Amino acid sequence: MKMTGAQITIETLIEQGTEFVFGYPGGQVIDLYDAIYQAQDRIHHILTAHEQGAAHAADGYARSSGKVGVVMATSGPGATNLVTGIATAYLDSVPVVAITGNVPNSLIGRDSFQEVDITGITIPITKHNFFVKNIEDLADTIRRAFQIAKSGRPGPVLVDIPKDIQTGKYDYTPMPVVPKEEQRKPKEYKLEKTARMIKECHKPFIYVGGGAIRAQASEEIVQLANLIDAPVGCTLMGLSVVPQDDPHFLGMVGMHGHYASSKALSEADLLLVIGARFSDRATGNVNKYGRHTRIIHIDIDRAEVDKNVAVDLGIGGDVKEALTELLKLVEPCQHDDWKKRVETLKEEEKEQFEKTTPLDTLNPYTLIQEVQKYTQPQTPIVTDVGQHQMWVAQYYRFQNPHTLITSGGLGTMGFGLGAAIGTSLATRQKTVLFTGDGSFGMNLNELATLSRLKAPVVIIIMNNGVLGMVRQWQNLFFEKHYSQTTLESHPDYVQLAKAFHMKGYRIEAFDELSSVIEQAMKEEGPALVDCHIDKDELVLPMLPPGGSFDDIITEMEGA
Amino acid sequence: MEERFIIAILVDNKSGVLTRISSMFTRRGFNIDSLTVGTTEDPRYSRITISARGDLALRKQLIKQAFKLYNVKEVKIMPEHESVRRELALIKLRNKQETRGDILSAVDIFRGKIIDFSPNTLCVEITGDTSKIDAFIAVVSPFGILEMCRTGVTALERGCHYLNRETQTFEDQKSVQEKEC
């Protein structure tokens, strides 16, 4: 059937399973938006306040559903506003397809109005990108974009469509959803070697990253931990892959990881790394890393093997597939001494926690605990970036995979609100956004989107009036020179919520905590809670940048 | 150990592909000494030859990162003793009576060619591996190099090894296997 390029684009998106397009119209995508108008009974467009919010929403949608998120923007500034969102998705391997309009081919290269070389700009932050030169290639290019985005290690793909391609006409034939590209199988001799190395070790540690969530390998990891009697730690991106109350689970490792987890990792004699990439925030100083340890690394992206840390055995391939095969080869074992040691570490962690965290004051811990009372295991938790993000990672007890939506690799402040909107649409669940007053200030314009959608997002602002994470570094490493980290505007967030027709609450004292959280969590639609916390709260433990796990800071005197 | 190595990459013959390759090198912090690109026996593909420096870990990482790019079909290190490598240089020198004889004999010894001759200048074409060209330049630079350009290294493996796996025929495989045995 003959259609315009714009119609072909939208039909191909629908054909590939797109429910929601997040975006913002503009001059060079008017035709695409007209095609959306015509197809509005089959595809929903979510108008955001800013293209960055749309990109984060598509990202949140993809992270929480495991499907491909789609974002659309016009040429020039529309396209460049996507850049932070695309980079965020790239660093955390999230499947997103970004569609941008561009000036007609005849005007390309002339610095035309709102022209920008967005394919050039996004080369280093996409898995791949396309500029559509001929309308014959349009539908197949979009299909290929979906395929690349979701295959192997997922990631964002951008398709730039000039205006004349959108207005041109060509035949469109519907096609089925493109399958994922075949991946090479994990090599059997390597899995056998893994089983031997597991048999020979005394202190195994399973270290899981976000790749395990994408591969949906939770069950296999829990089984393996049981079988070989190994503690499990994870990266920030790996949180939620193993239920927090699993007896083998020690929590997050790394710069602000759980003490027992980070320590156990540094003492292990065998590290089984699954779908993680040895980020500097997770490993500390890589030169001091794994000194006594043999390392096995399983990842779908072969380039991750030996990239940051040289390992003893690298296995490329799908994590779930590799673990399924490995489970057949591994013999059950017990490590009683190691278990005892891990128990001691857990005791130490508990003591430190009790020493540093009061349970009867308004602080990040009591706040997160209170919120947790009203959430379900499947409730998605979204965060922004900074201290609050680390507190959530440390204190919230995640049960189901895909329930932590956070910007790990890029650390994008302002990610949260957009991502929470995408997440709540994808999951149709009450969604909690933990944010800080710094991060929230970056993209609070998306309150407009949230209030229009009336999506059940509860925004919890940990308001300390400062840019807490940078302030913490200034406190510890820059002689308390609080350069530009004090926010003195003190906006009235309750009034702000009101301005957007949302319920707003404020918590200033511990005795208000429980009743206010209860009310806010029971709201049908969106709600905002402005919770005041002390500006000198620190995220502890902390591994100083460039330090090893022996240098963990667990408490501060008079901070 | 830091070593010079030559890597050959077979890529889709499309616009923008070179940018993707060089962007990846820049982004990952790999330094390029030289890069050449040209068409191949198959019009669908171009061949890029890159000369770079680094240790074994860097070489491996570079190959894997290059393989991840969607326009890349094959990536291979050109092994030092099992490949032929050539570079071409054009060197313009001052044409003076007193030095002409020395220049001509150097060109002769290095098996170069004079390809342009004017009252004031002469231009030498010289082909060889990088070290030969470096040596020639060292010899003639006292005579005054006015201008020069080098193509960068390009390389092919010796014998029945090809960058494009599809080129490998049954006979090729047999001869390779026999040799390896």
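**Two chains of a predicted model**

Chain B is divided into domain 1, residues 3-78, and domain 2, residues 84-154. The C-alpha centres of the two domains of chain B lie 29 Å apart. Where they meet, 7 residues of domain 1 of chain B are in contact with 5 residues of domain 2 of chain B. On the side of domain 1 that touches domain 2, strand 2 (32-39) and strand 3 (45-54) of chain B each supply at least two residues. Strand 2 of chain B gives the largest share of that side, namely 3 residues. Sorted by class, the side of domain 1 of chain B that touches domain 2 holds 3 nonpolar and 4 polar residues, and no charged ones.

The secondary structure of chain B as a whole consists of 5 helices and 9 strands. Read from the N terminus, these elements follow the order β-α-β-β-α-β-β-α-β-β-α-β-β-α. The C-alpha trace of chain B spans about 55 × 40 × 35 Å along its principal axes. Of its 181 residues, 23% count as buried. Among the contacts in chain B with a separation of 6 or more, 74% are between residues 24 or more positions apart.

Chain A has 23 helices and 20 strands. Its C-alpha trace spans about 70 × 60 × 40 Å along the principal axes. How does the radius of gyration of chain A stand against that of a compact globule with 559 residues? The globule would have a value near 24 Å, and chain A has 24 Å, so the two agree. Buried residues make up 56% of the 559 residues in chain A. Of the contacts in chain A between residues at least 6 apart in sequence, 77% join residues at least 24 apart.

One element of chain A that illustrates burial is helix 5, residues 83-91. Because 8 of its 9 residues are buried, helix 5 of chain A is largely enclosed by the rest of the structure. The buried residues are Thr84(A), Gly85(A), Ile86(A), Ala87(A), Thr88(A), Ala89(A), Tyr90(A) and Leu91(A). After helix 5 of chain A comes Ser93(A), with a positive phi near 55°.

A parallel sheet is found elsewhere in chain A. Strands of a sheet pair through backbone hydrogen bonds, in either a parallel or an antiparallel sense. In chain A, 6 strands form an open sheet in the order 11-10-9-12-13-14, with parallel pairing. Strand 11 (249-252) and strand 14 (313-316) of chain A stand at the edges; each has a single partner strand, so one side of each is left without a neighbour in the sheet. From one strand to the next, the twist averages 15°. Within this sheet, strand 9 (204-208) and strand 12 (270-274) of chain A pair in the parallel sense over 5 bridges. Tyr207(A) stands opposite Val273(A), which belongs to strand 12 of chain A. Helix 9 (188-200) of chain A packs on the sheet, where it touches strand 9, strand 12, strand 13 (294-299) and strand 14 of chain A. The direction of helix 9 makes about 140° with that of strand 14 of chain A.

Some backbone features of chain A also deserve attention. The loop between helix 21 (468-477) and helix 22 (493-499) of chain A contains Glu479(A), and Lys480(A) is found in the loop between these helices as well. Phi of Glu479(A) is positive, near 50°, in a residue other than glycine. Lys480(A), not a glycine either, has a positive phi of about 55°. Are these residues buried or exposed? Glu479(A) is exposed, since 7 other C-beta atoms lie within 10 Å. Lys480(A) is exposed too, with 10 other C-beta atoms within 10 Å; a residue counts as exposed at 12 or fewer. The peptide bond from Leu540(A) to Pro541(A) is cis, with omega near 0°. Pro541(A) is located in the segment after strand 20 (527-532) of chain A.

Finally, the two chains meet in a contact that takes 10 residues from chain A and 11 residues from chain B. On the side of chain A that touches chain B, 5 residues are nonpolar, 2 are polar and 3 are charged.

Methods:
Residues are numbered from 1 along each chain as its sequence is written. Chains are lettered from A and ligands numbered from 1 in the order in which they are written. This is a predicted model: local features need pLDDT of at least 70, side-chain atom pairs count only at pLDDT 80 or more; totals for chains, interfaces and linings use all residues. Helices (H or I, at least four residues) and strands (E, at least two) are DSSP runs, numbered from the N terminus. A residue is buried if 20 or more other C-beta atoms lie within 10 Å of its own, exposed if 12 or fewer, and partly exposed in between; C-beta atoms are placed from the backbone. Ala, Val, Leu, Ile, Met, Phe, Trp, Tyr, Cys and Pro count as nonpolar, Asp, Glu, Lys and Arg as charged, and the others, Gly among them, as polar. Domain bounds come from an automatic or database domain assignment. Two strands pair if DSSP finds at least two bridges between them. Axes are lines fitted to C-alpha atoms, for helices over the stretch in contact, and angles run from 0 to 180 degrees between N-to-C directions. The radius of gyration is taken over C-alpha atoms; the globule rule is 2.2 Å times the number of residues to the power 0.38.
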